[in-house]
Amino acid sequence: MSQNHIAKEIDITPVDVPPHPEWPVLSKSEKQLIKERIKRMLKEQNAVLVAHYYTDPNLQELAEESGGCVSDSLEMARFGSEQDAQTLVVCGVRFMGETAKILNPEKRILMPDLNATCSLDEGCPADQFSAFCDAHPDHTVVVYANTSAEVKARSDWVVTSGIALPIIQHLASKGEKVLWGPDQHLGRYVQKITGVEMLLWPGSCVVHEEFKSVALERMHRLHPDAAVLVHPESPESVIEQADVVGSTTALINAVATMDNKEFIVATDGGIFHKMKQLAPDKHLIEAPTAGEGATCVSCAHCPWMGMNSLHNLAQVLESGNQQIHIQPKLCQQAVKPIQRMLDFAKEHAVATQSKGNA
Ligand code: SF4
């Protein structure tokens, strides 16, 4: 692999992030027009926009400009349930829209594209996961937020990457055995930090799984003063090199608060938008996503997050299509483990997990 190949540096302005292949290129006036149209429809329909950090920066800007929020999945869930608006428009992937519906069954939940899924969700079919749980009835079932409504309904607790550590520590302190799904990498990281043995479902994120440890070591040698920021969905060998391991919010905070001028970032490239907004003088470098012998370089962008754009957002507000529907009984079952997490977060004032000085 060439040095150029490894050192894929990105020096960006707040509105110029690494392009996603799915994001349409809009002229300034086209962008302005469509944003104004969407803002008008949001107002007319008493709707609020909630966007994930990994989505198109145009959507992130619009969410903030229109009084919505840009956040990680835990904060999206919190924010959505606090709104009086009758409609929540969730820009992200399907499990986020489902979580919004589970927490707000009386609200209309729209998404730009209901086919935007997640490899963790796809890799954890409810019937197979349920059989795994049935085989271990003495275990408390803890699932990551990136799961279907059915899988959530089968669980005792839902967690996000920001709250997984304190919840597992809490369960261990009560002597409970834990069955964890679906992200094996995050599960291993939590096991390592807490020392709690857990039964792991073998799922993974297609984006974070691609970060490569050998190439990262080389990149770090080229940038010895850079802090390495890693999302815990990444492989263990990548996490081991991190100065900070944490949720999207923790990684953004690290860029804003640490003294380092350079950061190597191992998570979806969409996060660079918020990082550059908060710390425009910092130099951000995408962690390498191809190792020795790899035949292609993945782009460090989630293909499903990339299915959200200004165009399909406008279409969905016009048509009212792409609405999340969940059976009321399923909602009632799935809300319990989510509410348990939100109550825990409130009670323990939990923010994010991190390693290092962020
Ligand atoms: S980045 Fe990974 S975990 Fe996040 S939505 Fe995409 S596939 Fe799922």
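Colleague: How many bridges join strand E6 to strand E8, and in which sense do they run?

Modeller: Five bridges join E6 (residues 139-144) and E8 (residues 177-181), and the two strands run parallel. Two strands pair if there are at least two bridges between them, so E6 and E8 count as paired. Val141 is set opposite Leu179 of E8. Bear in mind that this is a predicted model.

Colleague: What makes E7 and E9 the edges of their sheet?

Modeller: The sheet is open, with four strands in the order E7-E6-E8-E9 and parallel pairing. Strand E7 (157-159) and strand E9 (198-200) each have a single partner strand, so one side of each has no neighbour in the sheet. On average, neighbouring strands here are turned by 30 degrees against each other, direction ignored.

Colleague: How do you know that E10 pairs with E11?

Modeller: The cut-off is at least two bridges, and E10 and strand E11 (residues 244-245) have two, in the parallel sense. Leu229 stands opposite Val244 in E11. E10 also runs parallel to strand E12 (residues 262-266), joined by four bridges, with Val228 opposite Ile264.

Colleague: Why do you call both faces of strand E10 covered?

Modeller: Ala227 and Leu229 are buried on one side, and Val228 and Val230 are buried on the other. In a regular strand, side chains alternate between the two faces of the sheet.

Colleague: Why is helix H5 described as largely enclosed?

Modeller: In H5 (residues 94-103), 10 of the 10 residues are buried, so the rest of the structure largely encloses this helix. Among them are Arg94, Glu98 and Lys101.

Colleague: What is said about phi in Asn46?

Modeller: Phi of Asn46 is near 50 degrees, which is positive in a residue other than glycine. Most residues other than glycine have a negative phi. Asn46 is in the loop between helix H2 (28-44) and strand E2 (47-52). Gln322, also not a glycine, has a positive phi of about 60 degrees.

Colleague: How do you know that the ligand lies between domain 2 and domain 3?

Modeller: Domain 2 (28-118 + 306-327) and domain 3 (120-205 + 333-348) both give residues to the shell around the ligand, so the ligand lies between them. Of the 14 residues around the ligand, those that come nearest include Cys118 and Cys205.

Note on methods: Residues are numbered from 1 along each chain as its sequence is written. This is a predicted model: local features need pLDDT of at least 70, side-chain atom pairs count only at pLDDT 80 or more; totals for chains, interfaces and linings use all residues. A residue is near a molecule or strand if its C-beta atom, placed from the backbone, lies within 6 Å of it. Domain bounds come from an automatic or database domain assignment. Axes are lines fitted to C-alpha atoms, for helices over the stretch in contact, and angles run from 0 to 180 degrees between N-to-C directions. A residue is buried if 20 or more other C-beta atoms lie within 10 Å of its own, exposed if 12 or fewer, and partly exposed in between; C-beta atoms are placed from the backbone.
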